[in-house]
Structures are given as C-alpha cells and as structure tokens.
Amino acid sequence: QVACAVGRAESPVRHGAALPQGLDSSLQQWGVAAPSQRQALATRLREATEAAAAALLASEAELSPRQRGGGRARTDILGVDFLLACVDEALELVALATNGQRCLETCALAEAMGRGVGEPRGDLARLLAEAMLHRAQRHLVEGKDILLIGAGGVSKSFVWEAARDYGLRVRGSGR
C-alpha cells in the first residue's frame with residue numbers, strides 16, 4: 001500500500017504532521033499528467049520498495065537473534081519511506097528509511113480517509129490482524145515447555161518447521 005505526503009524541500013514532511021494521499025493524486029499535483037507516466041512511477045516505487053525490503057531481510061537473516069534486536073524485534077510489518085525528487089527534470093526515488101509503526105499508522109489513516117469518500121476497503125486491516133495474531137501466537141509459546149505427541153510422521157513435518165520458526169527447541173527420542 002502506498003500513502004504519500006507532499007511537502008516543501010525546506011520543510012521535511014513527517015508522518016504525523018501531514019495528511020496522506022494517494023500516489024496517483026500526488027503525482028498529478030506534481031504535474032505528471034500522463035497516466036502511463038504515473039503508472040511507470042508506481043511500478044518503479046513498488047520495485048524499489050520490494051528491493052529495499054528484500055535487502056533488509058537478507059541482511060537480517062545473517063544476524064543472530066541478539067544482533068537483530070532480540071526476540072521481540074519485529075519486521076513482520078515493514079514500511080519503506082521514499083522521497084520523490086526532481087533531478088535534472090526527471091523524477092527520482094530516494095530511499096530514506098525503513099520502519100514499521102509510522103508507515104502503518106499513515107497507511108491506516110489513508111485507507112480510512114479513502115473509505116470516507118467511497119474507496120473500496122483495502123487489505124491493511126486483514127494484514128495487520130494476521131501479523132498481530134502471529135505475534136500473539138509466538139508470545140504464547142515463548143519460554144514454554146511444549147510436548148508434541150504424534151508429530152513424527154512425514155505428513156506432520158510442518159510441525160517441526162513451525163517449531164523452528166518459533167524458536168522452539170524440541171527434544172525427544174524421535175527427532
């Protein structure tokens with residue numbers, strides 16, 4: 001999901017201090033009139049965001065849990081802030097930062113504002129609920145002793161994968 005804020009070069013835009021708007025309307029404000037140009041920029045933004053997130057997750061995978069920030073560090077909700085700047089009469093994307101909470105708040109506000117004017121409901125609420133449910137499940141098993149019964153068959157291999165994903169150490173005669 002993309003939420004934009006328009007500001008001036010001498011006054012940086014902050015998440016909490018600007019009303020979000022859609023990428024298409026932001027680009028139109030900047031004078032990008034051709035729909036094909038706006039779509040091309042939207043595609044570049046999506047690709048740059050995906051590349052930035054992939055690079056962050058790849059570098060995170062090389063770190064120990066402690067180096068990543070401990071067991072409670074989260075990258076299940078991730079936002080990438082970009083600046084769209086005019087350089088030599090061309091619009092360029094400049095990655096500024098990655099974060100979770102601020103982008104989530106801005107996107108939630110943008111989606112709520114859109115629903116207020118008849119835009120269809122987006123996936124943000126579902127994605128947030130899934131992330132929160134996953135966090136809650138992890139919290140419930142954190143530091144607990146768990147007995148798995150009947151999880152030794154090939155058809156139950158997902159149990160062992162999930163246990164490793166949750167950071168559980170499973171001991172037993174079958175594994």
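**Salt bridges and a nonpolar surface patch**

Glu-92 is partly exposed, its relative accessibility being 35%; in this classification, residues under 20% relative accessible area are buried, those over 50% are exposed, and those in between are partly exposed (1.4 Å probe, protein chains only). The structure is a predicted model, in which local features require pLDDT of at least 70 and side-chain atom pairs are counted only at pLDDT 80 or more, whereas totals for chains, interfaces and linings use all residues. Residue numbers start from 1 along each chain as its sequence is written, and side-chain values rest on heavy atoms, with hydrogens and water left out.

A salt bridge was assigned where a side-chain nitrogen of Lys or Arg lies within 4 Å of a carboxyl oxygen of Asp or Glu. Helices (H or I, at least four residues) and strands (E, at least two) are DSSP runs, numbered from the N terminus. Arg-44 is partly exposed, at a relative accessible area of 34%.

Asp-24 and Arg-38 form another salt bridge, in which the closest N and O atoms are 2.6 Å apart. Here Asp-24 is located in helix H1 (residues 23–29) and Arg-38 in helix H2 (residues 35–61), so the contact ties together parts separated by 14 residues in sequence. The two partners fall into separate accessibility classes: Asp-24 is partly exposed at 36% relative accessibility, while Arg-38, at 11%, is buried.

Glu-50 and Arg-46 also meet through their side chains in a salt bridge, with an N to O distance of 3.8 Å. Both residues lie within helix H2, four residues apart, or about one turn of the helix. Glu-50 has a relative accessible area of 47% and is therefore partly exposed; Arg-46, at 43% relative accessibility, is likewise partly exposed.

On the surface, Leu-83, Val-94 and Leu-96 make up a nonpolar patch whose accessible area is together about 260 Å². Patches comprise residues with over 30% relative accessible area and no salt bridge, with like charges joined within 9 Å and nonpolar side chains (Val, Leu, Ile, Met, Phe, Trp, Tyr) within 5 Å.

Definitions and conventions: Accessible areas come from the Shrake-Rupley method with a 1.4 Å probe; for residues, only the protein chains shown count as cover.
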